[in-house]
Amino acid sequence: MSGPAIARDSCRQMTAADPSRLLHALRRAEPLLWVRPDACADAGAPAPVTAAQVEQARLRTARFAPLLAELFPELRASGGAIESPLLRADAMQQALGLPAACGRLWIKADHQLPVAGSIKARGGIHEVLEFAESLALREGLLDAGDDYRKLGGAAARACLARYQVAVGSTGNLGLSIGVMASALGLRAAVHMSADAKPWKKARLRARGVRVIEHAGDYEQAVAAGRDQLRADPRGHFVDDERSASLFVGYAAAAWHLRTQLDAEGIRVDAEHPLFVYLPCGVGGAPGGIAYGLRQIFGPHVHCFFAEPTQSPCFLARMMAGCGQLPPLAGPPSVYDLGLRNQTEADGLAVPRASELAYAAVGAWLDGVYTVADERLFADLARLHDSEGLRIEPSAAAGFCGPAHLCGSETGRAWLRARGLSGRLARATHLAWTTGGLYVPDDEYAGFLRRGRQAAATP
């Protein structure tokens, strides 16, 4: 299938110049591209985190690295660093039909992150480490300058076992929290929504993590976990909607990416723009990464969030902030738009965006687009067949981004308005994959069958 045909199928968009048409398409769960209006009514609040906090997160993970190398055999070669490769994706670019005149496609392969197997390893593991560090210093298990491998000893683990970490999750954040907490000796509980995948629950239980299932959606699982931890003086709740610790853990990824781009000879400046496409659930992970990238590359990086057509919570929040939704009593939910919040991209099935993430990036985020489930499966199959990479459906959301920009009226108008059209051939497009390393073989085989069928359907 050619590039223009792909751009027109499940990537077709309404024009953002007509908010009423856009809202109609959004309510009908049609794939669309929204770009920030030149005159947005909401200038945004001051960022709730600082560059200094991001730097502290980087230093903290470095302090824990020797211990992590002992706890996880897969980290020995990296000295305890939890990182993912940057991959050139020429074959996937061809499979997507993206011409060289649009720029070059790369993949930041967070679906290969060791230990947790998803982007949630960045924020989730950082918050567990921060909590464990604070306990260790308070309990006298560590002194300033100590080797953190001391926390692997029996006495330290017995002390930490008196404390509990809990989180509400559809899966991947729960895996990262549960795996790291149990490895350090902390008790761990994960409150999971009904749409969480059974294999993720099984993997957590195999690690000794307590899984509490809730009949409602992600938002209700988070609320239930938050309420239960209030009564526990030795409990710590990892709040995906409100956590600055999660956010700065994600943001720290930008500094390693800069090193990888330099190693590949990829320039990012006014003549060499960087476009980054980030799958979005509640917004913490893409918001943190976008914040970090903005700190490094300034106006030369252009970040777009990707959401399922039935769960566009960050898009709804951006439109509300720009005065493009009818007035509501509070921050919008996808249910306010008449959407179901049901998608095969379970990690992205979130009804309401994080206000912390919106405060951090809402004032300058370039745009948000939505993707139909069948397109997610089709791109999952294209990636497998072209590059041999194995991801889960939600991780495929980024691959629709270049077609939105280069193949749609809205995208081309946005590029022209910002003087980027003549620089596209020198541009880098970066699809950030987010999960899939530990998907069971039989489940992945089903993904692949569905994806190949979707890719073959006109």
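To start us off, what percentage of the 458 residues in the chain is buried?

Modeller: Happy to! Keep in mind that this is a predicted model. Buried residues account for 61% of the 458 in the chain. The largest nonpolar core takes in 115 residues, and those with the most contacts inside it are M180, L186, V276, L293, F305, F314 and W432. This core lies between domain 1 (19-48 + 81-116 + 245-456) and domain 2 (120-243), because both of them give residues to it. Let's zoom in on M180: leaving aside residues up to four places away in sequence, M180 touches L68, F72, V115, I125, V128 and L129. There is also a second, separate core, made of 42 residues, with A89, L105, V371 and A395 among them.

Now for the setting around these cores. The chain has 18 helices and eleven strands. If you count contacts between residues at least 6 apart in sequence, 74% of them join residues at least 24 apart. As for overall dimensions, the C-alpha atoms fill a box of roughly 65 × 50 × 45 Å along the principal axes. The radius of gyration is 21 Å, which agrees with a compact globule, because one of 458 residues would have a value near 23 Å.

Methods:
Residues numbered from 1 in each chain as written. Predicted model: local features only at pLDDT ≥ 70, side-chain atom pairs only at ≥ 80, totals over all residues. Heavy atoms only, no water. Core = buried A, V, L, I, M, F, W, Y, C linked by side-chain atoms within 4.5 Å. Buried < 20%, exposed > 50% of the residue type's maximum accessible area, 1.4 Å probe, protein only. Domains from an automatic or database assignment. Contact = heavy atoms within 4.5 Å. Helix = DSSP H or I, 4+ residues; strand = E, 2+ residues; numbered from the N terminus. Rg over C-alpha atoms; globule rule 2.2 N^0.38 Å.
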